[in-house]
Structures are given as C-alpha cells and as structure tokens.
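This briefing reviews the fold, the helix packing and selected side-chain interactions of the structure shown below. The points are grouped by topic.

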Amino acid sequence: MSKAEDRRLDALQAALAAEHAAVYGYGVVGGRVGEKRRTEARAAYDAHRARRDALARDVRGLGGEPVAAAAGYALPFSVPDSAAAVRLAAELEDRVAGVYSDLVRAAEGDARTTAAGALREAAVRAARWRGGSVAFPGLAERAGTPSGRGRPDPDASDTATGPAASSATASPTA
C-alpha cells in the first residue's frame with residue numbers, strides 16, 4: 001500500500017471512529033432533546049449511521065479492518081436537559097466536521113467529493129443546532145478552541161488525546 005493509501009485509510013478509520021461516537025452521542029441527544037427538535041435529532045442519527053456504514057465499506061475496500069465501536073463513550077460534558085442536548089449535538093457535528101476535513105485532505109477524486117459533502121452536511125447540522133455558523137467548520141478544534149478565538153473550550157473533555165480522539169465524541173469508557 002502506498003503512503004497516500006495509508007493516509008487515506010487512517011483518515012477513513014478516524015472518520016469511522018467519529019461516526020461511531022456520533023451515533024452513540026445522538027442516542028443521548030434523542031433521549032434528552034425537547035419534542036420540537038426530536039425529528040431533527042432522529043434525522044441526524046440516521047445520517048450518521050448511513051455515513052458510518054459507508055465508511056466501513058470504504059475501509060474494507062482498501063483492505064482494512066473497520067475500527068469497531070466502543071461499548072460506551074464518555075461525553076464531553078453532562079447532558080441533564082434539552083439545552084445541553086442541543087449543545088452536545090452541535091459539538092458532535094463540529095467534531096465530525098473536523099475528521100472529514102482531514103479526510104478531504106487525504107482523499108482524491110470521488111472520495112474527496114464524498115468527504116467534502118460529509119463535511120458540508122456536518123457543518124450545516126452544527127449551524128442548525130447552534131443557531132449560527134463558524135467560518136471554517138471542522139477547523140476550530142484543530143486550533144484547540146471552540147471558535148478559533150484563542151480560548152480553550154471549558155466544556156471540552158481533557159481525557160481524549162490524539163487525532164481520532166479529538167474528533168470522536170469522547171473517549172471510550174471501560
């Protein structure tokens with residue numbers, strides 16, 4: 001396998017891990033979000049499941065073994081109510097956008113177009129949940145800030161490290 005294919009496989013695996021975490025996170029969102037946004041949460045959940053399944057096929061297509069979902073994930077902050085569920089949904093989308101920005105960089109041709117579409121979809125969902133958008137979706141957390149303004153996110157979990165962990169919902173729990 002060439003270095004480019006290795007980079008693409010690594011980026012696909014990171015995106016797959018992030019989608020596993022997003023699917024888990026949307027289970028929490030759906031259980032806490034208010035009735036008015038429950039349909040939106042279900043649509044996002046279904047979109048992440050579909051992306052997860054497509055990524056697993058892509059990983060297999062490159063000869064890799066798709067990374068498995070963890071049994072559970074530590075959330076980046078407590079989600080006791082609907083307002084926190086909405087914040088979590090926006091955070092999930094931001095983190096997924098981050099890994100798709102990496103996949104756009106690693107992919108070529110149709111795979112790059114697909115990754116860019118996934119990045120766009122995550123950015124649109126994040127903007128809907130947040131009620132506003134950011135200039136470069138998926139890149140703020142790469143700078144270690146929620147909005148690229150130089151302040152660390154007080155709600156971010158400090159337990160996850162590495163490229164896949166920073167883009168996944170949170171770290172797996174034991």
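Across the whole structure, a search finds 9 salt bridges. The model is a predicted one. The chain has 5 helices and 0 strands, and its pattern along the sequence reads α-α-α-α-α. Of the 174 residues in the chain, 41% are buried.

**Packing of α1 and α2**

- Helix α1 spans residues 3-32 and helix α2 spans residues 38-61; the two pack at an angle of about 155°, and their axes lie 9 Å apart.
- The arrangement of α1 is therefore roughly antiparallel to α2, because angles over 145 degrees are classed in that way.
- The crossing in which α1 passes α2 is left-handed.
- The residues of the contact of α1 with α2 comprise 14 nonpolar, 5 polar and 6 charged.

- Asp 46 and Arg 42 form a salt bridge, in which the closest N and O atoms are 3.2 Å apart.
- Both residues belong to helix α2, and because they are 4 residues apart, about one helical turn separates Asp 46 from Arg 42.
- Asp 46 is partly exposed, its relative accessible area being 33%; Arg 42 is likewise partly exposed, with a value of 49%.
- A salt bridge also links Arg 52 with Asp 53, with 3.0 Å between the closest N and O atoms.
- Asp 53 has a relative accessibility of 35% and so counts as partly exposed.

- Helix α3 covers residues 82-106 and contains both partners; as Arg 105 and Asp 102 are 3 residues apart, they are separated by about one helical turn.
- What is the relative accessibility of Arg 105, and is this residue buried or exposed? The value is 59%, so Arg 105 counts as exposed.

- Arg 51 is located in helix α2. With a relative accessibility of 18%, Arg 51 counts as buried, because the cut-off for that class is under 20%.
- The side chain of Arg 51 is joined to that of Glu 121 by a polar contact of 2.9 Å.
- Ala 56 also has its place in helix α2, and this residue is buried at a relative accessible area of 12%.
- Although Ala 56 and Ala 17 are 39 residues apart along the chain, their C-alpha atoms are separated by 9.8 Å.

- Pro 76 is situated in the loop between α2 and α3.
- Pro 76 and Glu 91 are 15 residues apart along the chain, with a separation of 8.6 Å between their C-alpha atoms.

Methods. Residues numbered from 1 in each chain as written. Predicted model: local features only at pLDDT ≥ 70, side-chain atom pairs only at ≥ 80, totals over all residues. Heavy atoms only, no water. Axes fitted to C-alpha atoms, helices over the stretch in contact; angles between N-to-C directions. Parallel < 35°, antiparallel > 145°, perpendicular 65-115°, else oblique. Left-handed = near helix turned anticlockwise from the far one by under 90°. Nonpolar A, V, L, I, M, F, W, Y, C, P; charged D, E, K, R; others polar. Salt bridge = Lys/Arg side-chain N within 4 Å of Asp/Glu carboxyl O. Buried < 20%, exposed > 50% of the residue type's maximum accessible area, 1.4 Å probe, protein only. Polar contact = N/O pair within 3.5 Å; in protein donor to acceptor, adjacent residues only side chain to side chain.
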